[in-house]
Structures are given as C-alpha cells and as structure tokens.
Amino acid sequence: MSLTDAYVFDAVRTPFGKVGGALSGVRPDDMAAHVVRTLVDRAPGLEGLRAASAQAVADAAAGRPIEAGTDAAAPQRIDEVVFGNANGAGEENRNVARMATLLAGLPLSIPGTTVNRLCGSSLDAAIIASRQINTGAADVVLVGGVESMSRAPWVLPKTTRPFPMHDLAAANTTLGWRLINDAMPPEWTVSLGEATELLRERFGISRERQDEFAARSHRLTARAWDEGRYDSLVAAVPGTDLERDETVRPDSTPETLAGLRTVFRRENGTVTAGNASPMNDGASAALLGSSTGADVLGLEPLARIAGRATAANEPDFFGYAPVEAVNRALSRAGIGWKDVAAVELNEAFAAQSLACTDAWGVDPEIVNAWGGAIAIGHPLGASGTRVLGTLARRLEASGERWGVAALCIGVGQGIAVVLENVAAR
C-alpha cells in the first residue's frame, strides 16, 4: 500500500504568558478552544462546518435536539483533534482535546484525544496525526497543545489506610518529578536544572556560552516580533491585553545575565533563571492534512512532514536526547545535515541546546532564527506545535527547502520532525 503525504497547512498560538501573568486567569481548556477556533475560522473551506457548529450550539443552548444536517449529519470536515498536555492534573483533565473541541463550538461528531509525552506532547500529537493521514485513516486532523503552569494544582496522595493521623504534604504539579516511586534510582530523579548541570559538565559548556545563547534568544525574539514574523502565527486571547510573549527581555545582554545567581547551590554552578526557559501559560495548534485535505480546507500546504522520530537515553541526561531523535528523523526523510537550512530547537536550557547543536555540528545561525523558548517561554504541552508552526513559516519566508523541529523531554527522551517546504521542491 502506498502512503499518502501529510502536510502542514496552518499554525497558530497564543502569546505565551509568564506564570502568574496576563494569561493566569484563563483556563487551559479555554486557551485550547481559542486556538482551535482561530484555525477553523482561518480555513475558507470550513465555512459549512462553522455554520453547522453555530446551529448546533444554538440548538443546545435552547434545549432543542440537534437537527439532522446540523451536526452528526453534517459533512465531516475535521476527522480528529489530537492535543498534547504535560500535566493533566487540573482544569485540563478529562481529555482536553475533546473539551477544547466542544468549547470551540465544533460539531459534536468530531472526536478528540489527548497525549502526554511531557515537553514533546504536541509534537507527538502532530506525529500521531501524520501517521493517520499517511495511512488514509484521515484527511484533516487538527493538532495542538496547551499548558497553564499558573493553574497547575497541588495534589494530595491517597493514604494507604483510611483516616491517617499523620500530616500529608501537597505536591506541586507545575513542573518536574512528583510522587516519585521509591524503586526509581535517585540519580534519575534529580531536578531538571541539576540534570542540566550534569550535562554541561559532561560537555564542558561554560557559563559564558550559556549567557550569550540566552541573550541571543531575547534579541532574536524581539526582532522577529518587530519585523512582523509572528503576526500570522499568534492570536491574542480574548479578554486579555497580552499581544506579545510576556517573558521577552530585549535589553538582555551576556553581561546582565552574568550577574544573575545560579539556581542550585553547587560549586561552580552555571544554570540561572536567565539561561533557562521560564514557566509559562499558552496554547498552540496546527492543521494537518492530505492533498485531499487541501480541497477540504481551501488552503495550500506549507510543508510536507518528511521524517519523524523519537529517541531515549538516561533520564538525567534528557537534554541530549534530541541529538539521536533528529539524526533518525533526517535519515527517514532521506536527507542529511548538509541539506538542512532551518532548525527550531526548543530551548529548555541554554546548556542543553548548545550540547545538541555542538553534537550536530550545525551552523548556529540557522538555529531559532526567530528566537526561542528562553525568551518566548515554554508552556510544556504547547511548545511542540509552536516549534513546528514556526519552522513551517520560516521555510515559507526564506524559500529554503528543509528544516527540523525538535524538543528535549523530561525523563530522558527526544522528539523530532523534518519538514520539506512544498514551494521549494
């Protein structure tokens, strides 16, 4: 059986807000619904779906049964919604993909599923969707991811017996390990920052290089915003006044970042709040489809998904796992590093980003040319489709053919997708 090509047609995200910032009052399922609605509204071919959705919502609000032809009998224009989310412990629980679809007013007949590969969740959603398209199981799949790190709850473990007399400690679900299994080796369960210190020690990455990389991230992000690079990629959340990413600091320099204290009390530590990604709130989404999906959507494809891969290594060296993931994805796409013109690598930490780019031997100038997560932010579940959408638009803007999107993932994994600019074939 021959496989059907899968394409990226459009992508959008919210501005990324800082923890406790402008988006902290917005529920994650509402942020997810916003990017879903935005993509549907931007697809000319989905006008009939929007009309059917509006009628179905009006019928539901009035207590009327859904009329034939308004929902279940309407043409199925979106086959599936797949969303990524890393925490899933708060308001995004109960399958946020399905919740976002319902809140966005899409027909009730569109199914949805939520996946969790931590920081790589929404890129994993895109990989899952691309496989459905490749096999002919779907023509249009809406993918994305969401995270509100501001609204991640504290959780209490259940006790082994009822009515215990001892105190219970609440676990913060915002980031990192919690409720750790005692069978896990302790070296695997170190904090993300401590794991990054171990990685930079292994590869000899200096504090100076990390701060220079971080300052570049802020400078390029601010420039990309000023040049209008994000105008089509970002849609402000209604009811908020945030129009740009909230954690961008255009005045950051290596010198100012050098003055920040290290996060961890260890001799010769280098990881600071300035050379690591912040904690954020945000959502992102993309429309994927086949060539038939182009007719359904009324859109021309931006890029073809040409290769994809995951990889894993020691949990405490999670930051290095993208190296093998990208190399595998390039091999599956049938190209090599000499062909790659653009890289979107999620900047969890400057040290791990540098370790990866050093291993690849890639020209640093093609990496995150429109800025990266150290400035933009890293709302865990939303970052995968952020880098995918940014890569597609970068290739469109430059006219170059091949690009790579990749992320490191906690507990020792990496994930990557290779895109081919359709117009540059």
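1. In this predicted model, the axes of helix α4 (residues 121-134) and helix α12 (residues 383-398) come within 5 Å and cross at roughly 65°. Axes are lines fitted to C-alpha atoms, for helices over the stretch in contact, with angles from 0 to 180 degrees between N-to-C directions; helices are DSSP runs (H or I, at least four residues), numbered from the N terminus.

2. Ser 122, Leu 123 and Ala 126 of α4 meet Ser 383, Gly 384, Thr 385 and Leu 388 of α12, contact meaning heavy atoms within 4.5 Å.

3. The structure holds 6 aromatic pairs (Phe, Tyr or six-membered Trp rings with centres within 6.5 Å; planes under 30 degrees apart are stacked, over 60 edge-to-face, the rest tilted). Among them, Tyr 7 and Phe 9 have ring centres 6.3 Å apart and planes at 70°, so the pair is edge-to-face. Both Tyr 7 and Phe 9 are buried (under 20% relative accessible area; exposed is over 50%, partly exposed in between; 1.4 Å probe, protein chains only).

4. Tyr 230 and Trp 370 are also edge-to-face, because their ring centres lie 6.2 Å apart with planes at 80°. The pair links distant parts of the chain, 140 residues apart. Tyr 230 is buried at 0% relative accessible area, and Trp 370 is buried at 9%.

5. The charged end of Arg 202 sits over the ring of Phe 317, 3.5 Å from its centre (CZ of Arg or NZ of Lys within 6 Å of the centre and within 35 degrees of the ring normal).

6. Residues are numbered from 1 along each chain as its sequence is written. Local features need pLDDT of at least 70 and side-chain atom pairs 80 or more, while totals for chains, interfaces and linings use all residues, and side-chain values use heavy atoms, leaving out hydrogens and water.

Note on methods: Helix = DSSP H or I, 4+ residues; strand = E, 2+ residues; numbered from the N terminus.
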